[in-house]
Amino acid sequence: AYERAGNLKAALGQYVRVADLLPKGAAAQVAAGRFLMRAGQFTDAADRADRALAIDPQNVDAYVIKANASAGLKD
């Protein structure tokens with residue numbers, strides 16, 4: 001609802017909260033990672049991508065987040 005309303009800061013908080021509550025949910029980790037990327041929090045986004053890849057090593061979206069986070073960090 002926050003995302004649809006354009007309140008991205010609140011949406012980010014909720015996506016991260018869901019990912020924290022579902023530590024074994026790759027989709028939740030990826031969703032949080034996407035929003036962390038949008039917020040410029042590249043280190044945290046890479047961490048969420050790593051968590052998703054630990055659950056699902058074939059998760060292409062997690063690899064994309066990890067690559068974009070590395071680029072954002074100029075790593």
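Predicted model: local features only at pLDDT ≥ 70, side-chain atom pairs only at ≥ 80, totals over all residues.
The chain has an average pLDDT of 94, and 99% of its residues score at least 70. Among its elements, helix α1 (residues 2-5) has the lowest mean pLDDT, 87, whereas helix α4 (residues 42-55) has the highest, 97.

| Helix pair | Angle | Distance between axes |
|---|---|---|
| α2 (residues 8-21) and α3 (residues 26-38) | about 150° | 8 Å |
| α3 and α5 (residues 60-72) | about 25° | 10 Å |
| α4 and α5 | about 155° | 8 Å |

**α2 with α3**

Helices α2 and α3 pack at an angle of about 150°, which makes α2 roughly antiparallel to α3, and their crossing is left-handed. On the α2 side the contact is made by Leu8, Ala11, Leu12, Tyr15, Val16, Val18 and Ala19, and on the α3 side by Ala28, Gln29, Ala31, Ala32, Phe35, Leu36 and Arg38. These contact residues divide into 12 nonpolar, 1 polar and 1 charged.

A search of the whole structure finds 1 aromatic pair. The ring centres of tyrosine 15 and phenylalanine 35 lie 4.5 Å apart with the ring planes at 20°, so the pair counts as stacked. Tyrosine 15 belongs to helix α2 and phenylalanine 35 to helix α3, and the pair thus links distant parts of the chain, 20 residues apart. Both residues are also listed in the contact of α2 with α3.

**α3 with α5**

Helix α3 also packs with helix α5, at an angle of about 25° and with the axes 10 Å apart; the two are therefore roughly parallel to each other, and α3 passes α5 in a left-handed crossing. Here α3 contributes Val30, Gly33, Arg34 and Met37, while α5 contributes Asp61, Ala62, Ile65, Asn68 and Ala69. The residues of this contact divide into 5 nonpolar, 2 polar and 2 charged.

**α4 with α5**

Helix α5 packs in turn with α4, at an angle of about 155°, so that α4 is roughly antiparallel to α5, and the crossing of these two helices is left-handed. The contact involves Phe42, Ala45, Ala46, Ala49, Asp50, Ala52 and Leu53 of α4, together with Ala62, Tyr63, Ile65, Lys66, Ala69 and Gly72 of α5. By residue class, this contact has 10 nonpolar, 1 polar and 2 charged residues. Ala62, Ile65 and Ala69 of α5 take part in the contact with α3 and also in the contact with α4.

Notes. Residues numbered from 1 in each chain as written. Heavy atoms only, no water. Axes fitted to C-alpha atoms, helices over the stretch in contact; angles between N-to-C directions. Helix = DSSP H or I, 4+ residues; strand = E, 2+ residues; numbered from the N terminus. Parallel < 35°, antiparallel > 145°, perpendicular 65-115°, else oblique. Left-handed = near helix turned anticlockwise from the far one by under 90°. Contact = heavy atoms within 4.5 Å. Nonpolar A, V, L, I, M, F, W, Y, C, P; charged D, E, K, R; others polar. pLDDT = per-residue confidence, 0-100. Phe/Tyr/Trp six-rings, centres within 6.5 Å; stacked < 30°, edge-to-face > 60°.
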